[in-house]
Amino acid sequence: MMLKRKWVTTTMALVMTAALVACGNGNNATPGTDTNNSGAAVKKTEVSFWYLWGGVEGEYVEELISEFNASQEQYEVKGLSVPDVQKIIVAISSGEGPDVTDNFSNNTASYVEKGMLEPLDDYIARDNYDISDFVPAALDSGKYEGKLYALPINVNFNMMFYNKALLAAAGYDGPPQTEEELLEYAIKLTETNADGTIKVMGFPDFPNVYYTNSMSFAMGGDFISEDGKTLTPDNEGMKKAIELMQGYRKEFGADNVLKFNSSAKYLDVTDPFIQGNQAIRFDGPWFGHTVKNVLKKEIDYGVAPYPAPAGKPELAGGGEVSASTFFIPSNAKNKDGAWAFMSWLMSKENMVKFNDKFANLPARTSAYDDPALQDIPDFQAFAEAAKNPNLKSFPTFGEQGAYGKIITDEFELAVNFKKTAEEAMKSMKDKSANLLK
């Protein structure tokens, strides 16, 4: 599931019923049944699956549901597009929710603390289910206090996209490698109008949402201590991330940057990178697919890891990992059926099918050489980057959302010169002091 379209407004009705599956198998069984090898009708146990995707993506999900239903004789998955996280959570809390559903990795811990999620460790052990090839940071995002509660279907993290023509015109034959080079490049690559407003932005300040945590990780920071007992928003990586953006905005004016950003819309024809008016951009694995296959734009760009901290090349390739995850509610009525479907979908073969349709990066690294995925724009660049151990996930705990908001709010104050970097980080530290229980 791509971050750019987490909230889908179109709700689909079921497009594949058990009767259609039966017809597809060439039999005349009634809905909810299949036939065994002797031709006798076998009643399948229903598994309810609610998913956040809608529209065309919802149709992709239904195709995979139908394939699962046709693959075995025990379970019949009934899919329903419910693109409203809160609606799903309310239904689960009332005991009227699905047997299996999907969500975002940053919600795992809070749901576990509310008693909503079924631990998966016993199912994995019972079936000897192999999870050894999952991207470690993505798998960790589904864990809480040593137990695994959710499995990732894909991996989301950002890389640095750069306009080759703009860099070449400025005398650069490749992307910046360090934080110092990033600011140097950004200033030289920026073009202003006569009134001082920005015509071409050189810095990855649009869309700002993809900068804060990922850049802090890339600069060597972390948001929790190694022993997991202390939150550390006042890390050196955060300081560098703030000061870099402050340095750029000081050069060209924060108001001019905000004016430039407000005139554009993300991933449509007014997007500055797509128009050739942004030289360096931080974005995710969906970016190239959207530009080339959805918007049908031809842009000569390159993809590279985030810059590393100056003098610390061993930290190259860092950043923040998140994932779309699947889980079984603790009060699900058919947990075994839910696990059967989820484990089938999370197999290498079916994870490839899923991510090929969505143009996403699978959560299993063993899938990265599969021929079906090679035509996804920028796939190999992201596949190689996903193996880097410097990628990290945001701390998983019950107040994770509140922690993230504190960081975002204080970061915004700092880069708009309402606070110094030190003042903002101290406020982050103070405000989050009691969040970790």
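The model is predicted, so local features need pLDDT of at least 70 and side-chain atom pairs count only at pLDDT 80 or more, while totals for chains, interfaces and linings use all residues. Residues are numbered from 1 along each chain as its sequence is written, and side-chain values use heavy atoms, leaving out hydrogens and water. Helices (H or I, at least four residues) and strands (E, at least two) are DSSP runs numbered from the N terminus.

**The second largest pocket**

- A pocket here is an open set of points on a 1 Å grid over the protein atoms alone, where a 1.4 Å probe fits, with protein on both sides within 12 Å along at least five of seven lines; lining residues have an atom within 4 Å of a point.
- The second largest pocket has a volume of about 660 Å³, where volume is the space filled by probe spheres set on the points, and points are joined across faces, edges and corners.
- Its lining has 31 residues, with Ile 224, Ser 393, Phe 394, Pro 395 and Thr 396 nearest the centre.
- At least two lining residues come from each of α6 (136–140), β6 (143–144) and β18 (391–393).
- By class, the lining holds 13 nonpolar, eight polar and ten charged residues; Ala, Val, Leu, Ile, Met, Phe, Trp, Tyr, Cys and Pro count as nonpolar, Asp, Glu, Lys and Arg as charged, and the others, Gly among them, as polar.

**Helices α2 and α14**

- Helix α2 (residues 55–71) packs against helix α14 (residues 335–345) at about 115°, with the axes 11 Å apart; axes are lines fitted to C-alpha atoms over the stretch in contact, and angles run from 0 to 180 degrees between N-to-C directions.
- That angle makes α2 roughly perpendicular to α14 (65 to 115 degrees).
- From α2, the contact (heavy atoms within 4.5 Å) takes in Leu 64, Ile 65, Glu 67, Phe 68 and Ser 71, which meet Ala 340, Phe 341, Trp 344 and Leu 345 of α14.
- Seven nonpolar, one polar and one charged residues make up this contact of α2 with α14.

**Helix α10 and its partners**

- Helix α10 (residues 236–252) and helix α11 (residues 254–262) cross at roughly 95°, their axes coming within 6 Å.
- These two helices, α10 and α11, are therefore roughly perpendicular to each other.
- With helix α17 (residues 400–415), α10 packs at an angle of about 35°, and the axes are 9 Å apart.
- On the α10 side, Met 238, Ala 241, Ile 242, Met 245, Gln 246 and Arg 249 touch Ile 407, Phe 411, Ala 414 and Val 415 of α17.
- The contact of α10 with α17 has eight nonpolar, one polar and one charged residues.

**Backbone details**

- Most residues other than glycine have a negative phi, and most peptide bonds are trans.
- The peptide bond from Phe 206 to Pro 207 is cis, with omega near -10°, and Pro 207 sits in the loop between β12 (198–200) and α9 (212–218).
- Asn 128 is not a glycine, yet has a positive phi of about 50°; Asn 128 belongs to the loop between α5 (121–127) and α6.

Terms used
Angles under 35 degrees count as roughly parallel, over 145 as roughly antiparallel, 65 to 115 as roughly perpendicular and the rest as oblique.
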